[in-house]
Structure formats: structure tokens, C-alpha cells
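Below are some notes on the model, for checking against the coordinates.

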Amino acid sequence: MNSMAFIIVSVFTLAAALAAATLSNLMHAALCLVLALLGLASFFFLLGAEFVGLVLVFIYVGAVAVLIVFTILLTRRDSKEHRGFNWSGVFIALAVFGCLTWAILKTQSLTIVPPHIRALAVKQIGQVLMAGYVWPLQCVGVLLTAALIGALVLVLEEKR
Amino acid sequence: MSLALDQIFVRCKHWLLSWIAGAPNWVIQIVSSLINIFAVLAAFLTLFALISVLERKILARMQNRYGPNRVGPFGLFQPIADGIKMLIKEDIVPARADKVVHFLAPVVLAAVAILTLGVIPYGRNMTPFTINGGILFFFAVGSTTELAVFMAGWASNNKFSMLGAMRAIAQMFSYELPLIIAVLPVVMVVGSLVPDRIVAAQGGYTLGVVPRWFVLTPWGATAFILFFVSGLVESNRTPFDVPEGESEIVAGHMTEYSGFKYATFFMAEYLGMFAVSGLAVTLFLGGWRAPLGVLEFVPSYVWFFLKLSALLFVYIWLRATLPRTRVDQMMNVAWKFMLPMAFTCVIAAAVWHYAGRGLRGWLWSLLVIVVVYSALSVLLDTGRKFARRTYRFAE
């Protein structure tokens, strides 16, 4: 049952990701990217990590996807004309793929039978964040606040 | 007797499942989910039909006219006539529209609205879809609404649609923040993201008479008002229907939709309204719990739907009373007033918790909210003087 679901979700996610990479209409590509992200979220659901899956949907589908779509809408008007094949993109993609494959194959724990891990409850994530990782959390908070203020300063009208 | 009546739907489901008792586990699971889905759809589509005619009736009453009164007794069969009318209308798709996305947008919107209805506890043991982070699920799925509205606006290939979608996304993003932060104090006080636990935490009565609903604490009342107003904005209804302002941009993102697709948009708007009100009932108004100990013999789902209809009545009432707001005023209120107030609710809830959750905590949290509210009122006061309004014809 679980492996069956895994195969279905994998095929779905890969197809959506492939469509996002190859479609010529940028808006369609962005919407396919949303589908791929939903597929990724369902992997987390299959693993029992509901919280992470929900946060992924919340942030990537709810916010980042809308940002991407808006960016496409506000920046380009050349979606009709044909662009040449992007060889540097292929090179970078292959390099990232090679790096990841190398890292995964080097991982020792792949050969060991995984121990049965209990799904992490929301409470535990909160406790870890608030106890062990409180300084990184605060730093991220300051960074985000700075970004927010920066965005406000950028759009502020100049006083005459 | 009252317990049997309370659990009648749960018993019905068990009885239906007993027919396939011998089947493999996954079949039973799927059938059980299907029964839940069917129940939610049946209940809320009926409620949608009922509310759509009641809204017109109530609006008419408030505006001194009759409203629909031709089809059936008191015009009650009006939704059936409307449904048939919508079904047999021609489905027009603009020639330059993006056909696939144009078709998908209303489907996604309705699907999202129905999904969010799934996590609300409608009565004792009556949550259609129990999940560890139910509240988070509600907002995670609900945040997809913006994408669906954008799809509708973009695929129509029409400037009114695009403008409407832009407006809708701007206001939904701005009001999502106070909406979610107003939920935080409840989650914090209960210590759980599961709607059933939140309802359970509001059980019991102080001194035997006053229910322990969160709306009866100062932070809860403030958070409830913030949540209700933000929910009103999220459902794009009057007085916050800027995205579809008829006088400016025809119908916003729905301009190029006709026939049943338009009806689907209409339905999604109402289902979204039910979902947000249902969550407000669950979070602040004690869910399916009775307001008085002696009234607990009334089945739990009756209480839930009574509270839900009370909130829906306020929605309709506001629609009849208030004119459309201006976009910049709406944004100002969201960022300058509602967001700080929502954060204040979080602090006030913490104060309430650490002062012992009793009368002392009640007074301290009231003090926090009053201080921040007065400070905000002073700071945000523009000092603009308005001339006395004069009427030429109305007096």
C-alpha cells in the first residue's frame, strides 16, 4: 500500500517537475511547479511528518508560488518569442544532480536498516526550536524583519 | 434518549459500515471516508441553497422590499430554479483565454473550500477528517485560494479580470496575517493544533453558569472580532468586495465566467464563508458545546449549526448595512491597526495564563488590551477635521 502510494506520488511529482522545466508558457510552467511542490508535500505526509508537509504547502503554494507568478506577470512580455536552448542551465542542472547523487551514494546509513522512528509531534518541534535552537531562530527573525523594513524603504515615496 | 439523538449520525455511519464488516481494512477505510465526504457535501450544499435564498429574503426585509416570493412557499424553492437556470445557460469561454486554466480555476476554488470544511468538529465525535495539525491544515489549504483567484484572473485574458485578481490577492494576503495571528492565542492557551482538543478545552462552566468559551475572556473577544473581520475580507463579501467592485471593474476575476462556472465561484464563496465561520465557532464560541448546563440535552450538532447561522446572519446583516470600503483604507486598517492588535491578543493571552486564568488574569489581560488599544488610537489619529455633513434631499 505504502510503496504503491510512493510510486504514484513520485511519478506525479517528476512529471510535474519535468513539465515545469520544459513548458514554453512561463505561467503554465509556474503552475506545474505548484503541482510538483504539492507532490513533495505529499511525500512528507506519506512519511508521517504532517506538520512539515502542511508548512510546505502553506509557504510554498500559498506564498512563494504567488510571488513567482506575480514576478512573471510584472517582468516579462516576451513569452511568445522563441528563445534558444539554454546550455548553461543544462550544465548547472547536471552538476547539481551529480553532486546530490554523489552525496547520497556516499551516505553510510543507506545500507543500514532504518530504525523505526516515531513521527515528530508539533510540540517536540516547538520545544527543540525554543530550547536548543533559540539563537538561530532569533537571527532568522531579525533577518526577516530587516527584509521587511528594506522592502518598505524601497517603496517609500520620497518627501518633497 | 438525548445521548442516542446526539450520536444518531455516528451510529448511522457505524451501521452502514457494518454491512461491509468482512471486507479488507483499506476498503473499510475508503468507504468510511466516502461516507464522511458525502455527509459534509450534502449538509453544506443544502445549507448553501438555504442561505442563498435566506440572504435575499433578509436583505429584502432590511431594504423594505419582498425579495423572492414566486417559486414555492415563501420563495423557498428559488435555489432550485436558480440552479436549473445556471445549468442550462451557455458556457462562454473567451477566444483568447487559456482554456485549461480558465476551466481549472473555479474547480480548484471549490475544492479548496470543501477541503477546509473537513477539519471542523460539527458535534461530539463528528469531525469528518481528524489530522494532527487540523488548524494548520485549514490555513495551509486555505492559502491556495489566492492561487485559484489568480488563475481565474490571468486565464480570462481580460484587464478587468486581472485587476480584480490583483486586488483580491493584495487584500487576502494582507488580512491573512491578522487572521492567523488571531488564532495563535487560542492555540497557545490550549497547547494543541487539533480542533477537537480546542473544543474540549472550552467545556465546563465557571460558577456553574458562565461557559468557559474563549470569547468571554478579554483576549478571546478581541481575537474573535479580529478573526471575524479578517474572515469577512477573505471571503470577499460586502463591505470588502473591492475585488469584484461592479461599479469599477465589472465583476473582477469572475468577469469572463458564465453559466455553471460562475455558479461554482458563487458556491465557493459561500462554502468559504461557512468554513471561516465554522472555524470561528470552534475556536472562540465553544464549538458544539451548549451555552448552559441545563441545555445540554439538545444534540451537539444543533448547537454548532445554531452558532454558525448566528454568525452567517451577521455576515448578511453587514452586507445590507455597510457600503464598500476604499482599498487604501482597508490596507491601512490591516497593517496599522489589526496586526498590532492581533499581537496584543497573544501577549494578553500569556498574561491571562500566568495570572492564574481566574478573575485576576481576566482583569490584567483586559488592562493590556485597553492600554494598547488607546495607544494605537492616539498614534493613528490623523487629526483630520471633517465638516458637518449636510443633506440636500434626504432631510
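1. Domain bounds here come from an automatic or database domain assignment. For chain A the assignment gives domain 1 (1-81) and domain 2 (120-160). Taken over C-alpha atoms, the centres of domain 1 of chain A and domain 2 of chain A are 25 Å apart.

2. This is a predicted model: local features need pLDDT of at least 70, side-chain atom pairs count only at pLDDT 80 or more, and totals for chains, interfaces and linings use all residues. Residues are numbered from 1 along each chain as its sequence is written, and chains are lettered from A and ligands numbered from 1 in the order in which they are written.

3. Chain B places 17 residues in contact with 15 residues of chain A (contact: C-beta atoms, placed from the backbone, within 7 Å). On the chain B side, α6 (134-142) and α7 (145-155) are the elements that give two or more residues; helices are DSSP runs of H or I, at least four residues, numbered from the N terminus. That side divides into 12 nonpolar, 4 polar and 1 charged (nonpolar: Ala, Val, Leu, Ile, Met, Phe, Trp, Tyr, Cys and Pro; charged: Asp, Glu, Lys and Arg; polar: the others, Gly among them).

4. Because 8 of its 9 residues are buried, α6(B) is largely enclosed by the rest of the structure (buried: 20 or more other C-beta atoms within 10 Å of the residue's own, C-beta atoms being placed from the backbone). Among the buried residues of α6(B) are I135(B), L136(B), F137(B) and F138(B). Their cover includes α3 (50-75) of chain A, and α7 and α12 of chain B.

How values were computed:
Two residues are in contact if their C-beta atoms, placed from the backbone, lie within 7 Å. A residue is buried if 20 or more other C-beta atoms lie within 10 Å of its own, exposed if 12 or fewer, and partly exposed in between; C-beta atoms are placed from the backbone.
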